[in-house]
Amino acid sequence: MRKVVGVLFLGAIATVAVSVIAEAQQRNRQQRERRLSATQRGTVTLEPADRVLSPSEVFIEVRGDTRIVRTNGIPEHAVGAFPNSGNPHAITEQNFDFRMTTDPAPAGRITSADFAYWGVGLSGIPFEPGTAEYWKGDRNSGWNYDALGGAVRLGLDANYAHVQPNGAYHYHFTPIGLMEELNWDGTEHSPLIGWAADGYPVYVLTGDLGNGMQEVRSSYRLKAGRRPGGSQPDGTYDGTFVEDYEYVAGLGDLDECNGARTTSREFPQGTYAYFLTEEFPFVPRCWTGTPDDSFSERPRR
């Protein structure tokens with residue numbers, strides 16, 4: 001389990017000249033062109049989260065059976081430097097208006113989170129498991145580079161987050177800054193960290209699934225052997241691509257969408273909930289309930 005270390009967040013984001021942004025964008029484009037044929041995972045290097053932006057505006061309210069999260073997309077916790085060598089985009093204020101039911105229910109089918117925000121943190125920052133990076137730049141290839149595979153540098157900061165072309169800051173894994181704000185320490189059930197688009201609660205790494213507090217495990221594993229090669233990537237299934245993994249029911253604690261029934265401080269009688277996990281899929285990539293349209297596709301990076 002990763003150790004969450006407290007950090008003293010100081011400073012403010014600097015104004016970046018247009019020429020510097022353009023230079024970073026060009027460098028990033030060249031980098032992507034070189035690496036889109038990569039078939040071997042690499043090391044994910046995180047930018048330090050050492051600057052605080054303002055203002056941060058997050059409003060969460062319940063009206064009838066709808067939970068509303070309005071946010072400008074600026075977190076209270078510190079973020080990394082953007083643009084950076086792996087991501088050419090600056091963080092800018094957004095106008096998010098996320099809505100979800102307060103009475104979620106199984107839909108009877110699984111809905112993939114492709115091309116959508118999967119959920120939103122209490123920080124007002126959306127979760128987005130997928131990337132816009134595909135083998136040879138072809139979305140139709142069926143081989144999507146995983147954000148934590150390290151084959152393509154995406155400029156993630158210490159919150160496992162980075163920025164879309166439209167300036168939207170978003171999480172690809174554990175939101176460390178938010179976890180620190182909520183006093184997550186790994187010895188108790190995770191505090192509530194957000195809501196999925198279908199209305200179910202979101203927790204991270206630890207929970208009580210009926211047998212006491214534990215680190216929850218996903219039910220995914222790397223496929224055995226090698227990729228097809230030829231017109232598709234070759235090399236060993238090593239986590240470079242999303243498609244390197246397979247779901248095996250019962251292998252871990254969670255279902256295909258990284259969910260399970262849990263008992264928590266917020267839901268003492270128990271509820272179905274999603275978890276972010278140390279293993280793939282990291283952030284869930286589907287919903288068991290019905291996602292709200294307010295989480296539909298945004299420009300992705």
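Good morning. Rings of Phe, Tyr and Trp, taking the six-membered ring of Trp, are said to pair if their centres lie within 6.5 Å. In this predicted model, that rule gives a count of 22 aromatic pairs.

Let me begin with one of them. F96 and Y117 form an edge-to-face pair, with 5.8 Å from centre to centre and 90° between the planes. F96 belongs to strand 3, whereas Y117 is in the loop between strand 4 and strand 5, so the pair ties together parts that are 21 residues apart in sequence. Both of these residues, F96 and Y117, are buried.

A further pair is formed by W143 and F241. Their ring centres are 5.4 Å apart and their planes stand at 75°, so this pair is edge-to-face; planes over 60 degrees apart count as such. W143 sits in the loop between strand 6 and strand 7, and F241 in the loop between strand 13 and strand 14, 98 residues apart. Here too, W143 and F241 are buried.

Ring pairs also build a cluster, whose members include F82, W118, Y169 and Y274. Elsewhere, R67 lies over the face of W195, 3.6 Å from the ring centre.

I turn now to the nonpolar cores. The largest contains 57 residues, and among those with the most contacts inside it are W118, Y169 and Y274. Several elements each supply at least two residues of this core, including strand 3, helix 2 and strand 17. Which strand gives the largest share of this core? That is strand 16, with 5 residues. A second, separate core has 11 residues, among them Y145, V152, L154 and Y237.

Thank you for your attention.

Technical notes
Residues are numbered from 1 along each chain as its sequence is written. This is a predicted model: local features need pLDDT of at least 70, side-chain atom pairs count only at pLDDT 80 or more; totals for chains, interfaces and linings use all residues. Side-chain values use heavy atoms; hydrogens and water are left out. Rings of Phe, Tyr and Trp (its six-membered ring) pair if their centres lie within 6.5 Å; planes under 30 degrees apart count as stacked, over 60 as edge-to-face and the rest as tilted. Helices (H or I, at least four residues) and strands (E, at least two) are DSSP runs, numbered from the N terminus. Buried means under 20% relative accessible area, exposed over 50%, partly exposed in between (1.4 Å probe, protein chains only). A charge sits over a ring if NZ of Lys or CZ of Arg is within 6 Å of the ring centre and within 35 degrees of the ring normal. A nonpolar core is a set of buried Ala, Val, Leu, Ile, Met, Phe, Trp, Tyr and Cys residues joined through side-chain atoms within 4.5 Å.
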